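Thanks for coming, everyone. I'll talk through one model today, so please keep the viewer open and stop me whenever you like.

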Amino acid sequence: MSEERSLPKDYYECIEELQAIDFVLVELTLYLDTHPDDLEALKQYNTCAKKRQELKEKIEQRYGPLQEFGNSYSSYPWKWATTPWPWQI
Amino acid sequence: MWLYEKKLQYPVKVSTCNPKLAKFLIEQYGGADGELAAALRYLNQRYTIPDKVIGLLTDIGTEEFAHLEMIATMVYKLTKDATPEQLKEAGLGAHYANHDKALFYENAAGDPFTTTYIQAKGDPIADLYEDIAAEEKARATYQWIINMSDDPFINDALKFLREREVVHSQRFREAVEILKEEQGKKKYF
Amino acid sequence: MSTNRKSYHPFASPHDPCPPQTIKTYETPPNLYLGFQPPGLEQFPPFEALKKGTLWPALYSPYSSPYKDDKKG
């Protein structure tokens, strides 16, 4: 039997917010790899890194760990290896 | 080591069950200019390239795995609930006979992935020029798939991936500039 | 600003079996023109950057099928 479960709208919004801030971080990372002396870009990178850390913690409190191997905390029972996985949602 | 994060790099939505489109998309999964080839190519080059560009190869190589997961998501969703009959009509009968709905690292013609898609010359300029060419070829593949697809959601994600090829090509071009710079001079900024 | 698409008119023979495409196009994205990216370029806000696939308008290369453009304008 297939199990259809709907996720709250808030989950999709949270993930997309994280995708947006992380995308800025990906772009700044590649840029800084070839522009290591650009101080303004570096400051922006660090500001965004702090914001993404806060957002990650907020999402994890609501929906469980985003990362494995000790980079996220888990409540009981073990929440990491549970659905949904990113390709399923 | 690598860390996994439980999210896609970009939201992937699919309008309709469409195994025919999945057959085309698999080109970017296990094809010569696909995301797997890209990730393996860049990460493999890191060991024998000047230190100044190792970071860039690491980061672009890592991002390619996120793109591989986006393509896998599209293929998975496009075929998830298709019947064997639908797969047969989509030209995926031979795939089904061997793999059911399992994803397989193959190109759109069904050729299995091969490491001969990836060169490794050990010459920094030759390797970076290969990377630039790989990005332009992947960009072209995305264009050809967009030209055949009428799924607006898939096209939205494919346009994102196409744009990433443009940005990666830009960074590899900058890496060449960094390596060819006369030593002891600072040309930029 | 550079243009993203160029076109040319290929030779058409009266003996061509398919109806000739009188104009053919190819893409010329901004990475071909930008050179080493200068610092301080204008940026898209985060959500728009994600949608566009780049943080910088100077690197943004819009794309849509040239075949569909022909029919729908």
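Phe69(A) sits in the segment after α2 of chain A, where helices (H or I, at least four residues) and strands (E, at least two) are DSSP runs numbered from the N terminus. Phe69(A) has a positive phi of about 60° although it is not a glycine. As a reminder, most residues other than glycine have a negative phi, and most peptide bonds are trans. Is Phe69(A) buried or exposed? Phe69(A) counts as exposed, because it has 10 C-beta neighbours inside 10 Å; the rule is buried for 20 or more other C-beta atoms within 10 Å of a residue's own, exposed for 12 or fewer, partly exposed in between, with C-beta atoms placed from the backbone.

Before going on, the ground rules. This is a predicted model, in which local features need pLDDT of at least 70 and side-chain atom pairs count only at pLDDT 80 or more, while totals for chains, interfaces and linings use all residues. Residues are numbered from 1 along each chain as its sequence is written, and chains are lettered from A and ligands numbered from 1 in the order in which they are written.

Staying with chain A, Pro77(A) also lies in the segment after α2, and a cis peptide bond with omega of about -10° joins Tyr76(A) to it. Pro84(A) is in the segment after α2 of chain A as well; the bond between Thr83(A) and Pro84(A) is cis, with omega about 0°.

Chain B has a positive phi to show you too: Asp100(B), not a glycine, has phi near 50°. Asp100(B) is placed in the loop between α6 (93-99) and α7 of chain B, and counts as exposed because it has 9 C-beta neighbours inside 10 Å.

Now the helix packing. Two packed helices are described by the angle between their axes and the distance between the axes. Here axes are lines fitted to C-alpha atoms, for helices over the stretch in contact, and angles run from 0 to 180 degrees between N-to-C directions.

In chain A, α1(A) packs on α2 (residues 39-63) at about 155°, with the axes 9 Å apart. That is why α1(A) and α2(A) count as roughly antiparallel; the classes are under 35 degrees for roughly parallel, over 145 for roughly antiparallel, 65 to 115 for roughly perpendicular, and oblique for the rest. The crossing of α1(A) and α2(A) is left-handed, meaning that the near helix is turned anticlockwise from the far one by less than a right angle; clockwise would be right-handed. Residues in this contact divide into 17 nonpolar, one polar and five charged. Nonpolar covers Ala, Val, Leu, Ile, Met, Phe, Trp, Tyr, Cys and Pro, charged covers Asp, Glu, Lys and Arg, and polar covers the others, Gly among them.

Within chain B, the axes of α4(B) and α8(B) come within 12 Å and cross at roughly 165°, so these two helices are roughly antiparallel. α4(B) passes α8(B) in a left-handed crossing. In α4(B), the residues meeting α8(B) include Met70(B) and Met74(B).

What about α8(B) and chain A? The angle between α1(A) and α8(B) is about 15°, with axes 9 Å apart, so they are roughly parallel. On the α1(A) side the contact uses Leu30(A), Asp33(A) and Thr34(A).

At the level of chains, 24 residues of chain B are in contact with 18 residues of chain A, where contact means C-beta atoms, placed from the backbone, within 7 Å. The largest share of that side of chain B, nine residues, comes from α4(B). On its other interface, 18 residues of chain B are in contact with 18 residues of chain C, and there α8(B) gives the most, with twelve residues.

Which residues does Gln9(B) contact, leaving aside its neighbours within four places in sequence? They are Gln19(A), Ala66(B) and Met70(B). Gln9(B) is found in the segment before α1 (19-25) of chain B, and is buried because 22 other C-beta atoms lie within 10 Å.

Methods
Contact = placed C-beta atoms within 7 Å.
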